[in-house]
Amino acid sequence: MPKEFHFALTDNEKAVLHDLARRVISERAQGHNIGSPGAAPTKLLGEQLGAFVTLKKEGRLRGCIGRIISDMPIWQTIFDMAQEAAFHDPRFPAVADHEVSQLNIEISVLSPLTPCPDPQLIEVGTHGLFITKAHSRGLLLPQVPVEQNWNREQFLDHTCIKAGLAPGSWKDPATQLFWFQAEVF
């Protein structure tokens with residue numbers, strides 16, 4: 001069993017990250033040129049962990065982009081990934097200015113990835129999955145199977161599908177399966 005992920009942001013730090021994401025999306029949607037977010041306002045926001053920004057509009061996915069592993073502070077990662085999710089997710093057109101106020105912004109800060117020793121240990125709602133085989137890779141955040149009402153095997157199969165692999169590919173010895181936890185807010 002992996003170590004529990006003990007990274008915990010304060011309510012204020014979570015609010016600051018949400019405000020940062022919304023501000024940068026709003027400014028870009030209005031056509032403003034934005035620079036750097038500056039220095040992280042707290043020590044914790046200077047930690048280097050992966051993170052994803054998920055955008056939903058009226059309960060539907062509107063963009064989701066992140067970094068599994070980051071070599072920059074979470075503060076910078078959220079600044080960058082908010083822009084990527086809003087304007088560069090290839091599944092969606094760029095967010096328009098009139099949509100910004102309708103966006104629900106969800107941030108997921110990821111623990112380090114570790115090899116999953118046994119798929120039977122995966123807990124739906126606790127673990128996120130990353131699967132790789134040859135040149136195929138796919139990741140699903142811990143909240144996805146809960147939102148979709150999937151069981152463990154469906155979660156594993158859909159992670160394969162996300163990677164462009166056939167369902168059940170997680171059973172293939174050539175497939176590598178990693179798990180992680182996330183603080184989602």
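I take contact to mean heavy atoms within 4.5 Å. This is a predicted model, in which local features need pLDDT of at least 70 and side-chain atom pairs count only at pLDDT 80 or more, while totals for chains, interfaces and linings use all residues. Residues are numbered from 1 along each chain as its sequence is written, and side-chain values use heavy atoms, with hydrogens and water left out.

**Leucine 17**

I began with leucine 17, which lies in helix H1 (residues 11-29); helices (H or I, at least four residues) and strands (E, at least two) are DSSP runs, numbered from the N terminus. Leucine 17 is buried, with a relative accessible area of 0%, where buried means under 20% relative accessible area, exposed over 50% and partly exposed in between (1.4 Å probe, protein chains only). Once neighbours within four places in sequence are left aside, leucine 17 is in contact with Leu9, Leu45, Ile74, Trp75, Ile78, Ile107 and Phe185. I also looked up glutamine 76, which is 59 residues from leucine 17 along the chain, and found their C-alpha atoms separated by 10.0 Å.

**Helix H4**

Next I turned to helix H4 (residues 152-162), where Phe155, Leu156, Asp157, Thr159 and Cys160 are buried. The cover over the buried residues of H4 includes strand E5 (128-133), strand E6 (136-140), helix H3 (143-148) and strand E7 (176-180). At the start of H4, a side-chain oxygen of asparagine 151 comes to within 3.1 Å of the backbone nitrogen of glutamate 153. After H4 comes glycine 164, with a positive phi near 85°.

**Cysteines**

I then searched for disulfides, a disulfide being a pair of cysteine sulfur atoms within 2.5 Å, and the count by this rule is zero. Cysteine 64 is in no disulfide, and the nearest cysteine sulfur, that of cysteine 160, is 19 Å away. Cysteine 160 is in no disulfide either, its nearest cysteine sulfur being that of cysteine 116, 12 Å away. I noted that cysteine 64 is buried, at a relative accessible area of 18%, and that cysteine 160 counts as buried at 0%.

Aspartate 89 has its place in the loop between helix H2 (74-87) and strand E3 (103-110), and is buried with a relative accessible area of 3%. Its side chain is joined to that of arginine 91 by a polar contact of 2.6 Å; such a contact is a pair of N or O atoms within 3.5 Å, where within protein one must be able to donate a hydrogen and the other to accept it, and residues adjacent in sequence count only if both atoms are side-chain atoms. Not counting residues up to four places away in sequence, aspartate 89 touches Gly63, Cys64, Ile65 and Glu84.

Histidine 127 sits in the loop between strand E4 (114-115) and E5, and is buried with a relative accessible area of 2%. A polar atom of the side chain of histidine 127 lies 2.9 Å from the backbone nitrogen of glutamate 123.
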